[in-house]
Structures are given as structure tokens and as C-alpha cells.
Amino acid sequence: MTISSDDLETLLERASDGISFDGLRIAETDGDYSLETPDNEWHGLDEAALRETLETCEEYVTNWRYWQETVGGEGTARRAFLRWCEHAPLPDADEHTTEGLAVPTRYDALRNGIDRQWGQLSITVRFVDVDDPDGERVYDLWHVDDADSDLVDLEVYDDPRDARDIATYDEDGRYRPLKTAPTLVSGWAFTGLSGAELVETIGFLYPATIANWHRELRGNLDIDHWTETAERQTGIYDVIDELPREAVDWMAEACCVDSQCLRRREWEYDEDDDLDVDGGDGPFPCREPCSLVVAAARKWAILESEEEHTYELELTTSELNQLEELIDAVAEGRTDEIREADVYDGANRYRARYLRAKRVGEGGLEATQVDE
Amino acid sequence: MQALVIAAHGSHLNPDASDPTYAHADTIRETGAFDEVREAFWKEEPHFREVVRTLEADEVFVVPLFISEGYFTEQVIPRELRLDDWDPEKWDSDGTSASQATLEADDVGKTIHYCGPVGTHDAMTDVIVQRAETAMEDPDVGEGVGLSVVGHGTERNENSAKAIEYHSERIRDRDRFDEVEALFMDEEPEVDDVTDYFESDDIVVVPLFIADGYHTQEDIPEDMGLTEDYRLGWDVPAEVDGHRIWYTGAVGTEALMADVVLERATDAGADIGDARETVRDLAGSVADADHEPSAGTGAGD
């Protein structure tokens, strides 16, 4: 490992103001330098002696340079996220101050690459030059399902903007309006990204997740609960604050669960009024109802304004059970999985067509309203 | 540090709706004029609501990629960005003259320069003319040609038509085209009767829409009689009632739109160096290289 002369010069320039970072401490008084690492301390060094001594703690020096000069951005979500990637201490999270790995431990791990998971993403941070690391890190990114794949089997990218196309369609070619739906396609990799490029790429795949994670880490995630969000709406969405309380529960159960979204719902009906449904275990905090939920809420607000009636219709017990199976198959998105000849499944297409032929006439389902 | 946010509608149903937003943002990224450039949407992510927090810059220029001043630019975007002190009066606009308002987003500690929409900026007139040039593959197009600027139009918002009429008037004043007419989908005069409004044999039709979708790729071509069924596509030019109609879809996809975005930000005080020249060069080359005269891939919204 080597320290470049530029690194040393930069460090010396900063030293007179004092340096304290990731275990490296340098202070200067009237030309006398003191230097500390967690393992050693030196005092009364002149500049030449300081230079010489710094050569013996090069990991701390190159680490300082990477974070303070290359990454920068003190207090930003970008910096915190990149530090999280390599298990570095996160100084802006009070409760995490003592966590995180020390520099030598991280440096050992960075030679092999450190893996982290972010939703359906797998991130590896490693040294650019493994044999002779100068502290410069690069980041690789791919789908967790491809963790064991060879790069040659994947489509390899290096421009963050390519992530937009990856995020647009699911594996069946359908549009993904919800970026945090657990349907990100696999088969691709970004390699050798800089820290800024990694954050940008994730910004396209999972917009705002890093910013919200950072806010949550610092304990200042700003949550807008259902009533605040609903009451703020205007235009065609003005009606959503009329959605009954219990319907908001049904809506959360329908939309805001782990099977549908990687976000963990932090918003409730109101600040002091939790929804009955659990918010899920998703990795990303969800701080207010998203635009998909708002759009769907409008439909449900209109539907819930209808009166209920009692209907009479003829069904066998099996047919009644079959209705449940049909609803369940659509709700779980498993209609494509039902085999052509599996007539034992109530949601089988031929079973559904038979039911329609028998019970749905030209005027629709043969049901009679009996409460008029 | 300064950041640019391009605020657009987006769609839950149509993946192409955001294409122009990304394209213009990418063009501006290439210029390096802003430390950060971010797309934000009403119907996609990052949502208007979340976008400002993804920025590191303290100085943020928000340019709505919308055609008209109205509901979205005056109510929805400022509200969702949490610009608490916003009031449409701050634009002091007659419906086409909004420039910018400087506001503090207290929750994130940033200064937001909230700009008028691209559609009503004077530079948009040039984009419409450039669209006519690319549609007809003729940089000197004008003589012997009628130009129709087509807008949605709606009884609900008078500003919707104002933007269309404003640019039509400006192009008319240039005396470049033989005839210039503003036509609409949902109000008189209607685009269905386009040939009634022109004597010129050649009519170039430029829809003042941001993205291609249901209206520009289905409604308008069928309404004008370019095709029986949008799925079959149409010719450019297409023969209708003895006229040749040159139609290629939404003006918002024109590369020069990035220049209008930059103009909006500059008017609001952004320091962009020579980025506009770069964008104009890029837009020119794109217009030359990527021109595809046929259209008709219906997208729906």
C-alpha cells in the first residue's frame, strides 16, 4: 500500500486546523505535530518526522483522503449511505455512533469486497486496486438473485441512467409504476461505479429511499398520516378523505404489505390512531401514502359511497367456494400459474368459463335484489 | 451548489409518458450547468413530495414541464413541494407571463426558485417552429405552408387555450408561414376540421403537448382523419381533403425543449454559463440525425 505525495500534501495542509476522523488524529501547535491512531500516538513531531510517521499508518491516511476529499458531503445522505455500505461508523446517527468497523478491519474486508443488501439490490464495495490499495473504492450493483451469477452471464452497465430502463418493466414486460414493488428484474450488473454514481443509480431504481433512510437514521423522518394526506388533496382526489376508517384498513391490507411493496408503512390513520394492519417489514420507510394509493383511494372512496343491498342468487356450495378461489387467485396474482388442465383449482380458466356459462346470463350475474 | 428539478406529470399506466422528461434532463446533465439534475413526477417516483430531500444543493430551480399555467402549476406542484408561502399572485401572471417566485422550503432548509411552466415561455415559440422543421424535414419551412398549433383546450381553465393562442400569435407575427391557426381538441375551433381553416396545400400540425400518449397518438390523428385506426399508423404527410397534413406528435419530445427548461431556470437566476449554446447544438444535431417521419405507435395513458 502507498500514500501518494498528493495525499500527504493535502493532509499536511489540513493538519494545522486539526484532523479527527475515523481514529486518525493530527494536531499542530507552533510547528509541533502530534499524531494518534487507535493503536499508537506520537508527539513533538516536526514536519519531516510527521511525514515519515504517516507512512506507517497509511490505511488511516488513505481512508481519510477517500472520505474527506473524494466523497465529501459531510452530513449528507449520500455520504452516510456509502459509509453504511462498508460498515463504517455513522456519526450522524446517535444510536449508531459506537457501531461500525474500525479502519484496519474494513480495509481487510475491502480487499475481498463487502456485500450489502438494499431491497432487491446487492451492493459490493471494494478497492479499485486490490493488490496495492490507495483507499479508492468502487461499487458494484446487481440483483440479489444474481449474487452467484458470473458477470459474463449478465448485462453489464456503467451509466447510472441505464437503471431507468431496468426499473421500468417487470419480467413479464409489464410497466412497474411502483418502483419499490418487489418485482425488479434480474440479469444485469453495474460495475466499477463511483460512490456518487452508485447513489445516482439507486436513485433511479428506488427513488428517495436513501434520503428517507437517512432521515429515519437521524430520527427525523417526517411522516404524513392518512388524514393529512387525504385532506390535502384537491381536484379529482378531493374525495379521498371520505373513505371510511375501516376502508383505509382494507386499503393498507391490499396495497401496503410486504408482498406488494418493499417499503414499510410508517404512516397510520392519524398520529394517535393506528391502522389495524401491520406496516410490514420492508427495508425502506414509507412516510406517506404514495400516488398509487391515492389514485386507488379515489376509486374506493367512490365505491364505498354506494349503498349496500341484499341479493338472492342460486349457487351450489362448491360454486360459492369457487368465487372465493377466483378472488384469491386474482388478488395473489397467481392466475398465470394455474395449469390449463388443473380443474381441481377453482380459478382454473375452464372452471371460470363453466361458471360464467352456467350462472352469468346476457344481463350479467343472475342475481335479484331483495331489499327493495 | 445549484440543482434543477424538472417537474412533470408522469403516468401510472404508460411507461412512455416520462420519456421527454428524462431526455431533457439528460441533455441538461450533459451540459454540467447544474450540480444536480432531478426528474420529479405527480404519478411516478420520485414524487414531487419526495424530490427536494434527494438534493444536496441549497439553491433549487424547479421548472414545471407543463404546457399551461393552471391547476398543476398553481396548486398541485407548490403544495406537494411544501412551498408554504406560495400564492399564485407571486407570479403576477395574466395566464402566459409567469416567470418565477423565490420561496423558502423550511422543512428542508432550501431556497426554491419556482419557475413558470415551459409551455408559456417565449422560447417555446422556437420549439414549435423547430417541430415544423423536423416534421417537414425542411429547415426553411414556411412559404406555402400553413401551421396549426393544437392544444387540449378545456372549458374548465381558460389558461389552457391561452398558451396555444399566445404562441400561434407570435408565430403569425413572424410572417414565416402563410397561415397560422390555433386549434383544440375540446373546444372551438376544433382540430377535427383542420382542413377547413387552411387554404395552403401543406399543413404542418404541432400538438402543444408534453408527451406522446393517448391524445397525440390516438385521438388527434384519428380526429384529423389521418388514419381510420391509430394502430395502423399514418403517413407523413397524409392526404386529407386535398391537403397534405404533416403530423409527428407531441412538441414536448423535441430536443430543443431542454433549452426552454434552461431559459426558465436562467430567468430565475440560475448560473448556467454557456449551457444554452451546448443544448442548442445538441438539439440541432438530434433534430438532424434522429428524425423519424413516420409515427403511429399508440401508447395510451
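Predicted model: local features only at pLDDT ≥ 70, side-chain atom pairs only at ≥ 80, totals over all residues.
Figure 1. Chain A exposes about 19,500 Å². Carbon and sulfur atoms supply 44% of that area. Of the 372 residues in the chain, 45% count as buried. Chain A carries 35 positive and 91 negative charges.

**Figure 2. Overall build of chain A.** The chain has 13 helices and 15 strands. Its radius of gyration is 29 Å, whereas the globule rule gives 21 Å for 372 residues; chain A is therefore more spread out than a compact globule. Along the principal axes, the C-alpha atoms fill a box of roughly 100 × 50 × 30 Å. Which share of the contacts between residues at least 6 apart in sequence joins residues at least 24 apart? In chain A that share is 58%.

Figure 3. Strand β5(A) covers residues 114-118, and strand β6(A) covers residues 121-127. The two strands run antiparallel and are joined by 5 bridges. A:Ile114 stands opposite A:Val125 of β6(A). Between β5(A) and β6(A) there are 2 residues. In this turn, A:Gly119 has a positive phi of about 65°.

Figure 4. Is β6(A) mostly covered or mostly uncovered? The strand is mostly covered, with 6 of its 7 residues buried. In a regular strand, side chains alternate between the two faces of the sheet. β6(A) pairs with β5(A) and also with β7(A), residues 137-143. The pairing of β6(A) with β7(A) is antiparallel and spans 7 bridges. Within it, A:Thr124 has A:Asp140 of β7(A) as its bridge partner.

**Figure 5. The glycine after helix α6 of chain B.** B:Gly225 follows α6(B). Its phi is positive, near 80°. A positive phi also occurs at A:Gly119, in the turn between β5(A) and β6(A).

Notes:
Residues numbered from 1 in each chain as written. Chains lettered and ligands numbered in written order. Heavy atoms only, no water. Helix = DSSP H or I, 4+ residues; strand = E, 2+ residues; numbered from the N terminus. Rg over C-alpha atoms; globule rule 2.2 N^0.38 Å. Buried < 20%, exposed > 50% of the residue type's maximum accessible area, 1.4 Å probe, protein only. Contact = heavy atoms within 4.5 Å. Areas by Shrake-Rupley, 256 points an atom, 1.4 Å probe, with all protein chains shown as cover. Lys, Arg positive; Asp, Glu negative; His and termini not counted. Charge placed at Lys NZ, Arg CZ, Asp CG, Glu CD. Pairing = 2+ DSSP bridges.
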